[in-house]
Amino acid sequence: EMQRSLVGSEMCIRDSNSFTKFSTGCPPHAAKQGALLSADPSQCRRRKMSQVNPPYRADVVGSFLRPKELLDARHAFQAGKLDRASLTALEDRLIKDLVEKEVKNGLKAVTDGEFRRSFWHLDFLAGLSGLHHVKAEHWSVHFEGFQPKAETVVIEDRIRFPKDHPFLEAYDRLKAIAGDTPIKYTIPSPSMLHLICAVRCETYKPIPFYAEHPDALFDDLAQTWTDAMLALYERGCRYLQFDDTSWGEFCSVEKRGAYAARGIDVDWVAKRYVEVINKILANKPADLTVTMHICRGNFRSTWFSSGGYEPVADILFSHCNVDGFFLEYDSDRSGSFEPLRFIKNQTVVLGLITSKFPELEDKDAVKARIEEATKYVPLNQLCLSPQCGFSSTEEGNIMTEEQQWAKVRLVREIADEVWGDK
């Protein structure tokens with residue numbers, strides 16, 4: 001069967017059987033009601049045990065609220081009133097404070113809170129060779145409420161990961177601060193670059209090389225992220241996360257319909273994204289954990305997409321070879337746990353605690369939801385976290401720093417009570 005697919009402005013013909021099929025692993029886990037604290041992982045015939053520690057039973061996505069001192073300094077730097085060295089020194093001091101608070105509040109691995117970034121994704125993308133960071137008339141997707149600063153990236157040449165990418169120095173500085181404490185490091189998924197430039201953008205025109213060789217863009221994405229992953233690994237990174245909102249977008253019936261109206265076959269694009277990620281992971285060292293975080297937008301406590309995981313579950317959960325998925329599940333916008341029946345050996349970190357609002361969740365209600373998830377995934381294969389970061393952009397969600405840490409402590413407390421293995 002042949003299917004026609006539009007990727008950006010290129011209409012392509014692809015054999016639907018070209019998507020590589022992987023071992024299906026085990027059948028969905030069918031835990032009995034009341035088995036929350038006694039789920040037996042041996043009941044699941046998986047290819048291998050799921051990866052835990054990391055991800056940790058109590059984990060976080062990565063970003064934290066920026067201190068006002070940092071926001072003021074970044075504004076001063078952008079206005080030419082503060083030099084780079086002074087800004088970096090301040091970032092180092094505030095990240096040191098953050099790391100101490102992460103440990104104090106029960107986290108096993110620490111992040112830099114993304115304090116050196118304006119956005120969770122654009123700073124990394126803008127540092128790649130072949131891309132140009134530009135202002136835009138509007139954000140590439142519409143949020144329900146506040147709108148982010150209108151910025152984006154465009155592809156001007158073949159994409160490469162430069163040896164002097166600023167995220168490498170940022171990792172080195174975090175490592176020096178964290179010492180022996182494990183580090184979690186986050187970068188956007190390669191899917192995001194393609195989604196922003198070649199799918200969301202209705203005026204996308206590929207550079208001549210990519211127009212002549214359509215598959216080369218996907219090949220270059222895989223090589224670029226492989227180079228980034230291995231460069232971070234050489235510096236000591238052993239826990240890396242790909243942040244990816246494309247899947248949250250592809251869960252939306254409304255957005256899928258809008259893309260279909262433009263001639264874009266979302267399933268074809270989704271399969272290419274999984275193939276790219278698996279090509280990267282084929283080069284992953286055995287002692288490196290790589291996870292994927294999926295959400296439906298997170299800016300100033302708002303979102304841009306709704307819909308359960310069913311439209312992407314088979315393509316993503318059955319075939320993507322990441323070690324774990326951080327999945328948004330803090331509201332009914334994420335749907336039910338039933339799509340988790342497609343999970344194989346990946347760890348599933350349930351994002352049941354919202355980072356959007358300060359009110360604390362009821363412990364018993366969260367535990368009940370974890371038990372519900374064990375109908376599809378063994379308890380030993382589950383962990384807990386907020387559904388997203390607290391500050392995906394430097395503006396941050398609408399809560400105080402203490403309310404943020406109360407959320408982290410809640411995750412830690414529930415995880416200890418459910419799993420007890422810390």
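How many helices and strands are there in the protein chain?

1. Overall make-up. The protein chain contains 13 helices and 10 strands; helices (H or I, at least four residues) and strands (E, at least two) are DSSP runs, numbered from the N terminus. The model is predicted, so local features need pLDDT of at least 70 and side-chain atom pairs count only at pLDDT 80 or more, whereas totals for chains, interfaces and linings use all residues. Residues are numbered from 1 along each chain as its sequence is written, and side-chain values use heavy atoms, with hydrogens and water left out.

2. Burial and surface. Of the 422 residues in the protein chain, 58% are buried. Here buried means under 20% relative accessible area, exposed means over 50%, and partly exposed lies in between (1.4 Å probe, protein chains only). The chain exposes about 16,900 Å², and carbon and sulfur atoms supply 51% of that area. Accessible areas come from the Shrake-Rupley method with a 1.4 Å probe; for residues, only the protein chains shown count as cover.

3. Contacts along the sequence. Among contacts in the protein chain with a separation of 6 or more, 78% come from residues 24 or more positions apart. A contact means heavy atoms within 4.5 Å.

4. Side chains of opposite charge can pair when their charged atoms come close. A salt bridge is a side-chain nitrogen of Lys or Arg within 4 Å of a carboxyl oxygen of Asp or Glu, and a search of the whole structure finds 27 of them. One of them joins the side chains of Arg116 and Asp92 (2.6 Å, N to O). Arg116 lies in the loop between α2 (84-104) and α3 (122-126), while Asp92 is in helix α2, so the pair ties together parts that are 24 residues apart in sequence. Both residues, Arg116 and Asp92, are buried.

5. Two partly exposed salt bridges. Glu100 and Lys96 form a salt bridge through their side chains (2.8 Å, N to O). Because they are 4 residues apart in helix α2, about one helical turn separates them. Glu100 counts as partly exposed at 43% relative accessibility, and Lys96 does so at 44%. Lys363 and Glu417 also meet in a salt bridge (2.9 Å, N to O). Lys363 belongs to helix α12 (residues 363-373) and Glu417 to helix α13 (residues 401-418), so this pair ties together parts that are 54 residues apart in sequence. Lys363, at 26% relative accessibility, counts as partly exposed, as does Glu417 at 39%.

6. Packing of α7 and α10. Two packed helices are described by the angle between their axes and the distance between the axes. Helix α7 (residues 214-234) packs with helix α10 (residues 266-281) at an angle of about 35 degrees, and their axes are 8 Å apart. Axes are lines fitted to C-alpha atoms, for helices over the stretch in contact, and angles run from 0 to 180 degrees between N-to-C directions. Residues of α7 that meet α10 include Phe218, Leu221, Trp225 and Met229; among their counterparts in α10 are Trp268, Tyr273, Val276 and Ile280.

7. Thr224. This residue lies in helix α7. Thr224 is buried, with a relative accessible area of 2%. Apart from its neighbours within four places in sequence, Thr224 is in contact with Leu128, Ile159, Arg160 and Phe161.
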